[in-house]
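I opened the notebook to record what I looked up, one topic at a time. The entries follow the order of my search.

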Amino acid sequence: MTVTPLGIPRRMLEFTLDGEEARVPEGSTILDACRAAGKDVPTLCEGDTLRPKNACRVCVVEVEGARTLVPACSRKAEPGMEVRTDTERARHSRKIVLELLASSVDLSTTPKVAGWLKEYAAKPDRFGPDAARLNEEPKVDNDLYVRDYDKCILCYKCVDACGDQWQNSFAISVAGRGFDARIAVEHDAPLTDSACVYCGNCIEVCPTGALSFKSEFDMRAAGTWDESAQTETTTVCAYCGVGCNLTLHVQDNEIVKVTSPHDNPVTHGNLCIKGRFGYQHVQNRD
Amino acid sequence: MDLHFGDSKPTHEERAAVDALLGPPESSWEGADRSDADLRWARGGREARDRRDLLLPGLHAVNDRIGWISEGALDYLCRRLTVPPAEAYGVATFYAMFSLKPRPATVLHVCTDLACAAAGAPELCAGIEARLGLGSGVSVERSPCLGLCERAPAALAIKAGDPLRTAVSAPATVEEAVLAASSPGSAPEEPPAALAVPQAGQDGLMLLHRVGVVDPSSLDDYRAHGGYTALRRAFELGPAGVIREVTDSGLVGRGGAAFPTGRKWQATASQPDRPHYLVCNADESEPGTFKDRVLMEGDPYALVEAMTIAGYATGAHKGYLYLRGEYPRALHLLEHAIAQARARGLLGDDVLGQGYAFDIEIRRGAGAYICGEETALFNSIEGYRGEPRSKPPFPVEKGLFGKPTVENNVETLVNVLPILTMGAPAYAAIGTGRSTGPKLFCVSGSVERPGVYEVPFGATLGEVLTLAGVREGLRAVLLGGAAGGFVRADELDIPITFEGTREAGTTLGSGVVMAIDDSVPLPRLLLRIAEFFRDESCGQCVPCRVGTVRQEEALHRIVERTGADAAGDIALLREVGRAMRDASICGLGQTAWNAVESAIDRLGAYE
Ligand code: SF4
Ligand code: SF4
Ligand code: SF4
Ligand code: FES
Ligand code: FES
């Protein structure tokens, strides 16, 4: 069971969303309002447990009077605002952003993106066969997780999760700039030489599968990864007294990865190395 | 914070460079040898973390002394400042002037940007590279605009060591550039800034009247030529009075955004949160722009005085002057001017005996055009990557260090002096209704007398070009720099005011007027502009990070094509450009397509 704290009551504010009156608590983002109204605005870099970085720009919407489009995920709703989520202008930008991304990185393990590419009629191929791609080799330098930056959309979520928003280990950051910007540890060293404590909180927030469990990476390579054959069981971590919630992903009676519920008010999806990776003892059946 | 440091050690030299900036370390917690006391208490932590903003100066210290930043040096700097090494690495790799790989102590930056390219930069580069091959001890780097466009082609040599040596060669020949690189200490001195002001000494100049007239290193000379009368008047008026004058003068920001200065000052002054900061944006990196350099080199005290007035009016006690890393002479002159002003009570605890405390600190940029964007500049000063922040919140509310901040560029600030000495009504009477006062233009390219020109707002483009002596065969004019737009040779009657350019569907931008004659291959020029934006994108948002690359690719494909052969790629450029303008986080991505679009639409490039 997950307990959701109610928090202090907030004032409601009114604005128009696609021509209809919308009422949301003060402090809500346009995206919150869209979701409450059942509108589907695509998002990639937005993360439910992190402050929005608004870097991907697929969630852009039109706000009356604004010179440019605004990111729904981070712009707070203001009283009297007139927001349109589905104009030709907003759709055009979303489509181009999806094309730019899909032409430069591998989105094959990004949930939902295939649907959006179709919905927006995005044609990533039209930039030609010579369009620059990331073309990164997966970094396999430890037994716990793999960094495959060919799939990275540079959403900064792993950096924020490893840094001051959750883990405070500051093992990774963005290095370089422009198209050459990459997530890296200092001097681009292997992860094992970094400050990483293998909490895996970065994997938890990565929206594209650029960061993944070594177990998942190996199974995908072997062609045995099959999400439809997996069951998920949420239980309590047995290592220490904190009692974090773990979700065990099990395929063929083997734990293949461990996540944690984001709506848990204590851990918000974060774990430590033991809860995240220390599951071998469960499977030790000798 | 759980910091982890590697075991690479700094060399003696690297340690000395960092310690010269930060002082010697006090305990093993920040990189000294371990003492008995260290076993009993831990210092560093919070105290050191407050000095994160010294990261950029620290990186400069090492890079200046050694020429590059090794793992050991970066680690030591991180220990001293309690900065996570991964973050410091991310910051160091953001700036073009730093190297994290070994390289020769001397770097020769050869400008290959718009004005220099037209003046023969490719041949110059090839010649220099032929002379300075491997093993010459010089690394030759192709550089974006060095802000010396009036003397194109330009080269800047930087030789690491203690002291750091620099030399400029412009207009550069292969011999001179090689000489500057091989012995920057004995290279011939640069011509005075006044040489960039063809009008120098003429009557009626308001912003440039002291350039070439005063000795830029003499405070007495500055005062003898009217210096510090504006600050005295400011103290008479009081902060609110100063803001009123500036508001009534109609002054708007000269950096490109054209926001009313008085309104910005008022908004900052009225914030209850303290402290307030003043930031002078002297990170002039728009290709084709060099007016701020000329002002700072020719009349440095004017900027010091203007910053003091702005600080006084907005309730700031500290002003940061963020100076382009490529401006060594401006740096020296301003350092000197600030020290003199401090010694004479014109900066410090009690400015002019009026009980107002104000001081200025110079921060050097390190080669990143994006740091001219105001919020990126704050991040850069604070020791983070120079990535723009999303707005709102706006700087007047949450700017530098999260505090109310007023940011103005050099030219804007210097305008405050005549406003106060002549009074708002007289100032507002100059120019047109919406664009008041004098304006500086950086005229370069195909003209007889390239340089900085001061004209009252309202002059036409043709008049400015006539002043500079436009050469035969003018094909187009690039207004506002790489982020601006082209106009045709038959559109020279456009009044160069904010409203006039807007009506003509173009922009004044930062005041660049670059004359392009028909000997310049337009597609190459456009490619260079695209390349510039691809290089300078911070990489934060997708439309700009990938869009600038896709645009450059498309321009490459059509560089020798026209008509139907180019049509498909032009359509692609338009679609991508529209999304970049609409969905990028900051002005860089939003304007990156402007110039190319205008060349297609107005000049018929690729037709
Ligand atoms: S596993 Fe944890 S410590 Fe390691 S990089 Fe990811 S978030 Fe940082
Ligand atoms: S690795 Fe994942 S979380 Fe990190 S920036 Fe890339 S896509 Fe985002
Ligand atoms: S528009 Fe370009 S420079 Fe600006 S934030 Fe986005 S990527 Fe960075
Ligand atoms: S989801 Fe809003 S910008 Fe990425
Ligand atoms: S100095 Fe070369 S273009 Fe400006």
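This is a predicted model: local features need pLDDT of at least 70, side-chain atom pairs count only at pLDDT 80 or more; totals for chains, interfaces and linings use all residues.

**Entry: ligand 2.** I began with ligand 2 and counted 13 residues around it. The closest are A:C152, A:C155, A:Y156, A:C158 and A:C206. Next I sorted the shell of ligand 2 by class. It holds 12 nonpolar residues, one polar residue and no charged residue. Then I asked where ligand 2 sits. I found ligand 2 in the second largest cavity.

**Entry: ligand 1.** Which residues surround ligand 1? I listed A:Y145, A:C162, A:S169, A:C196 and A:V197, and also A:Y198, A:C199, A:G200 and A:C202. Seven residues of this shell are nonpolar and two are polar. I found no charged residue in the shell around ligand 1.

**Entry: ligand 3.** I turned to ligand 3 and its surroundings in the model. Here 13 residues surround the ligand. The closest to ligand 3 are B:C538, B:C541, B:C544, B:C586 and B:G589. How many nonpolar, polar and charged residues does the shell around ligand 3 have? I wrote down eight nonpolar, five polar and no charged.

**Entry: two helices of chain B.** I looked up helix 12 of chain B, residues 291-298, and helix 16 of chain B, residues 410-422. They pack at an angle of about 50°, and their axes are 9 Å apart. Helix 12 and helix 16 of chain B are therefore oblique to each other. From helix 12 of chain B, the contact takes B:K291, B:D292, B:L295 and B:M296.

**Entry: cis peptide bonds.** I checked the bond between B:A152 and B:P153, and it is cis, with omega about -5°. B:P153 lies in the loop between strand 2 (138-143) and strand 3 (155-159) of chain B. I then checked B:A170 and B:P171. A cis peptide bond joins them, with omega about -5°. Where is B:P171? I placed B:P171 in the loop between strand 4 (165-169) and helix 8 (174-182) of chain B.

**Entry: a positive phi.** My last stop was A:K112. Its phi is positive, about 70°, although A:K112 is not a glycine. I located A:K112 in the loop between helix 2 (88-104) and helix 3 (113-119) of chain A.

Notes:
Residues are numbered from 1 along each chain as its sequence is written. Chains are lettered from A and ligands numbered from 1 in the order in which they are written. Side-chain values use heavy atoms; hydrogens and water are left out. Axes are lines fitted to C-alpha atoms, for helices over the stretch in contact, and angles run from 0 to 180 degrees between N-to-C directions. Helices (H or I, at least four residues) and strands (E, at least two) are DSSP runs, numbered from the N terminus. Angles under 35 degrees count as roughly parallel, over 145 as roughly antiparallel, 65 to 115 as roughly perpendicular and the rest as oblique. Contact means heavy atoms within 4.5 Å. A residue is near a molecule or strand if one of its heavy atoms lies within 4 Å of it. Ala, Val, Leu, Ile, Met, Phe, Trp, Tyr, Cys and Pro count as nonpolar, Asp, Glu, Lys and Arg as charged, and the others, Gly among them, as polar. On a 1 Å grid over the protein atoms alone, a cavity is a set of points where a 1.4 Å probe fits but cannot get out, and a pocket is an open set with protein on both sides within 12 Å along at least five of seven lines; lining residues have an atom within 4 Å of a point. A molecule sits in a cavity or pocket if more than half of its atoms lie within 2 Å of its grid points.
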